[in-house]
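Hello,

Here is the structure I said I would pass on. My notes on it follow below.

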Amino acid sequence: MNSFIEEITGNDKVKIILSNILESGKIPHAFLFTGADGVGKENTAISFAKALNHKYLTSEISQKIIPLIDSLTEPYIKYIVPLPRGKSETDQNDPYEKLTEDEVDQINLEFKKKYFNHYYRIQIPRANFIKISSIRDIKKFLSFSYEDVKYRIILVSQAHLMNEEAQNALLKNLEEPPEGVIFILCTSAPEKLRETIRSRCWKVNFQPLKNDDLIKVLIDKFDIESGIAKEVVPFAGGSTQTAISLIENDFEDLLDKTIKILRYSFGKKYHSALLEFEEMLSESDTTKIKLIITMIIIWLNDFQKFRLDDKAQVFFSKQIETLEKFNSKFPDVNVSNVTNQLDKISTYFRNNINTNISVSNIIFQLSTLTSAN
């Protein structure tokens, strides 16, 4: 297995697939990397780009080119991400032309963080879609020929955030792929891409990272203390992005709020439950609310496991008494429907819904579990 492929954390099946492609020498001109956010799709894309060139270049040239690919340097790798729209910007403007100096500085800072840690998720305010101008800019990238490198990579982050026009522009490039250029589209929502795009790509699906692999990434790439990493990982669903978000939003406080919201909602203390969301609502902190929903769902799943086997391994192991008390009072309650409803509420936040109504709905859904008892 190529040394750069071996560096990829977790996703052993993905590593085997990419290694076999490398060994065969038959390299598809486009890949579609799919899977949840935070499972290492872009890190793998960059590792694959290095592995491709390492295989086909002399040792001397490889030592020069690999660091440039690693740092996402054009013209060896073109990294396309969602960007904010500038004042009075049209589709005819260059991607950065109408952005303010402060916005460009912020974007450059985010890129630097990505250069040093390929697991880092770039966060740019108001960057809600991939501009068609960013896709059109590919032509400029393709117009230059570099004989010192075997393969150049066009890496599209969050590819599902291309609108119809941007997807059409990309499709033209995919229909007539230039030799020596590989497209890698990374997305957590492949269904939002046109079938004509998906059909032209070699699909590689990524699974959530195993707990040990995720702990390793948190420690090695984000300098998270081992103890904190081990506490957070069971709640992260195999995603570095979720794990980091839990840590940045005070994991212990989230745990405490989750338990209080459950207790108040089950006890029909609606005002008290609402107060636990008060700060999040005043700051329109949908990220924190979504994390709370995730943790409530995990607690409900823990309850299902605990009801079947009180010795079962649960995530809320430090709050086991909440499971014991709820099970003793409501041994026959069905939590599946409420779990599904909470999951739906979480997805609604993508559509800028009223957060107050959503929070009230969370509390109401939980209260229904004890209404018939």
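This is a predicted model: local features need pLDDT of at least 70, side-chain atom pairs count only at pLDDT 80 or more; totals for chains, interfaces and linings use all residues.

Subject: what was found in the model

Leu-281 sits in helix H15. Leaving out residues up to four places away in sequence, Leu-281 touches Leu-274, Ile-289, Thr-355, Asn-356 and Val-359. Val-359 is 78 residues from Leu-281 along the chain, with 8.6 Å between the two C-alpha atoms.

Helix H19

Val-359 is one of the buried residues of H19. The others listed as buried there include Thr-355, Ser-358, Ile-362, Ile-363, Gln-365 and Leu-366. What do the buried residues of H19 pack against? They pack against helix H13 (251–266), helix H14 (270–276), helix H15 (278–282), H16, helix H17 (320–329) and H18. H19 has 17 residues, which at 1.5 Å a residue should span 24 Å; the C-alpha atoms at its ends are 24 Å apart, so the two values agree.

How do H18 and H19 lie relative to each other? The axes of helix H18 (residues 336–348) and helix H19 (residues 355–371) come within 10 Å and cross at roughly 175 degrees. An angle over 145 degrees counts as roughly antiparallel, and the two helices are therefore roughly antiparallel to each other. On the H18 side the contact is made by Val-338, Gln-341, Leu-342 and Ile-345. H19 contributes Ser-358, Asn-361, Ile-362, Gln-365, Leu-366, Thr-368 and Leu-369. Sorted by type, the residues of this contact are 6 nonpolar, 5 polar and no charged.

The nonpolar cores

The largest nonpolar core has 55 residues, and the members that touch the most others are Phe-277, Trp-299, Leu-342 and Leu-366. Helix H16 (residues 286–308) gives the most to this core, 12 residues. Another core, of 42 residues, lies apart from it, and among its members are Phe-4, Ile-66, Leu-72 and Leu-83. As for Leu-366, its contacts beyond four places in sequence are Ile-261, Leu-262, Ser-265, Phe-266, Ile-296, Leu-300, Val-338 and Leu-342.

Around helix H4

Ser-62 is in helix H4 (residues 59–70). Its relative accessibility is 5%, so Ser-62 counts as buried. Setting aside residues up to four places away in sequence, Ser-62 touches His-54, Leu-57 and Pro-67. Ile-184 is 122 residues from Ser-62 along the chain, and the C-alpha atoms of the two are separated by 21 Å.

Backbone points to check by eye

Most residues other than glycine have a negative phi, and most peptide bonds are trans. These places depart from that pattern:

- The peptide bond from Glu-74 to Pro-75 is cis, with omega near 10 degrees. Pro-75 is in the loop between H4 and strand S2 (77–80).
- Ser-88, not a glycine, has a positive phi of about 60 degrees. Ser-88 is in the loop between S2 and helix H5 (101–116), and at a relative accessible area of 59% Ser-88 is exposed.
- Lys-268, also a residue other than glycine, has a positive phi near 65 degrees. Lys-268 is in the loop between H13 and H14, and its 31% relative accessibility makes Lys-268 partly exposed.

Regards

Methods: Residues are numbered from 1 along each chain as its sequence is written. Side-chain values use heavy atoms; hydrogens and water are left out. Axes are lines fitted to C-alpha atoms, for helices over the stretch in contact, and angles run from 0 to 180 degrees between N-to-C directions. Helices (H or I, at least four residues) and strands (E, at least two) are DSSP runs, numbered from the N terminus. Angles under 35 degrees count as roughly parallel, over 145 as roughly antiparallel, 65 to 115 as roughly perpendicular and the rest as oblique. Contact means heavy atoms within 4.5 Å. Ala, Val, Leu, Ile, Met, Phe, Trp, Tyr, Cys and Pro count as nonpolar, Asp, Glu, Lys and Arg as charged, and the others, Gly among them, as polar. A nonpolar core is a set of buried Ala, Val, Leu, Ile, Met, Phe, Trp, Tyr and Cys residues joined through side-chain atoms within 4.5 Å. Buried means under 20% relative accessible area, exposed over 50%, partly exposed in between (1.4 Å probe, protein chains only). The expected span of a helix is 1.5 Å times one less than its number of residues.
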